[in-house]
Amino acid sequence: MRKLIVNADDFGFSEAVNHGILKAMEDGIVTSTSIMANMPGFAHAAALYHEHPDMAVGVHLNLTCYRPLLS
């Protein structure tokens, strides 16, 4: 049996992106996502994850976009 994994990057980028990724997961188009901890929508993405703990969420290592987590 073959299985296709469709990952949506940039979970946490913004609330709009978060809602789009969640909708795509609920519709069965996207099977996993990866979260960006240093982006403005991170807290919103984390809250969505806690509302939908069955989501497959990994880490999106982000070195160049937005602000660093530490100085």
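Where is Asp-10 in this structure? Asp-10 sits in strand β1. One thing before we go on: what you see on the screen is a predicted model, so please keep that in mind.

Why begin with Asp-10? Look at its backbone. Its phi is near 75°, which is a positive value in a residue that isn't glycine. If you're new to backbone angles, here's the background: most residues other than glycine have a negative phi.

Tyr-66 is another one to look at for phi. The value there is near 70°, again positive and again not in a glycine. You'll find Tyr-66 in the segment after β3. Tyr-66 counts as partly exposed, with 43% relative accessibility.

How many strands form it? Three, in an open sheet with the order β1-β2-β3, and the pairing is parallel. The strands at the edges are β1, residues 7-11, and β3, residues 57-59, and each of those pairs on one side only. From one strand to the next, the twist averages 30°.

Now have a look at how β1 and β2 meet. β2 covers residues 32-35, and three bridges join β1 to it, with the two strands running parallel. You can check who faces whom along the pair: Asn-7 stands opposite Ser-32 in β2, and Phe-11 stands opposite Ile-35 in β2.

Let's stop at Ser-34 for a second, which is in strand β2. Ser-34 counts as buried because its relative accessible area is 7%. Which residues does Ser-34 touch, once we set aside those up to four places away in sequence? From the list, we have Asn-7, Ala-8, Asp-9, Asp-10 and Phe-11, and then also Gly-58, Val-59 and His-60. There's Asp-10 again, by the way, among the contacts of Ser-34.

Next, the helices. Helix α1, residues 15-26, lies across β1 and β2, and it runs at about 160° to β1. Helix α2, residues 42-51, lies across β1, β2 and β3, running at about 145° to β2.

Phe-11 counts as buried because its relative accessibility is 0%. Leaving out neighbours within four places in sequence, Phe-11 is in contact with a whole set of residues, including Asn-18, Ile-21, Ile-35, Ala-45, Leu-48 and Met-55.

Then there's His-44, in helix α2. His-44 counts as buried, since its relative accessibility is 18%. Not counting residues up to four places away, His-44 touches Glu-15, Asn-18 and His-19.

The idea is simple enough: rolling a probe the size of a water molecule over the atoms shows where empty space is left. The largest pocket here has a volume of about 190 Å³. There are 15 residues lining it, and the closest to its centre are Asn-38, Leu-61, Asn-62, Leu-63 and Leu-69. What classes make up that lining? It has 10 nonpolar residues, four polar and one charged.

Is Leu-69 buried or exposed? It counts as exposed, because its relative accessibility is 62%. Leaving aside residues up to four places away, Leu-69 touches Ala-37 and Asn-38. And Leu-69 and Met-39 are 30 residues apart in sequence, but 9.2 Å apart in space, C-alpha to C-alpha.

Conventions
Residues are numbered from 1 along each chain as its sequence is written. This is a predicted model: local features need pLDDT of at least 70, side-chain atom pairs count only at pLDDT 80 or more; totals for chains, interfaces and linings use all residues. Side-chain values use heavy atoms; hydrogens and water are left out. On a 1 Å grid over the protein atoms alone, a cavity is a set of points where a 1.4 Å probe fits but cannot get out, and a pocket is an open set with protein on both sides within 12 Å along at least five of seven lines; lining residues have an atom within 4 Å of a point. Grid points are joined across faces, edges and corners, and a volume is the space filled by probe spheres set on the points. Ala, Val, Leu, Ile, Met, Phe, Trp, Tyr, Cys and Pro count as nonpolar, Asp, Glu, Lys and Arg as charged, and the others, Gly among them, as polar. Two strands pair if DSSP finds at least two bridges between them. Helices (H or I, at least four residues) and strands (E, at least two) are DSSP runs, numbered from the N terminus. Axes are lines fitted to C-alpha atoms, for helices over the stretch in contact, and angles run from 0 to 180 degrees between N-to-C directions. Contact means heavy atoms within 4.5 Å. Buried means under 20% relative accessible area, exposed over 50%, partly exposed in between (1.4 Å probe, protein chains only).
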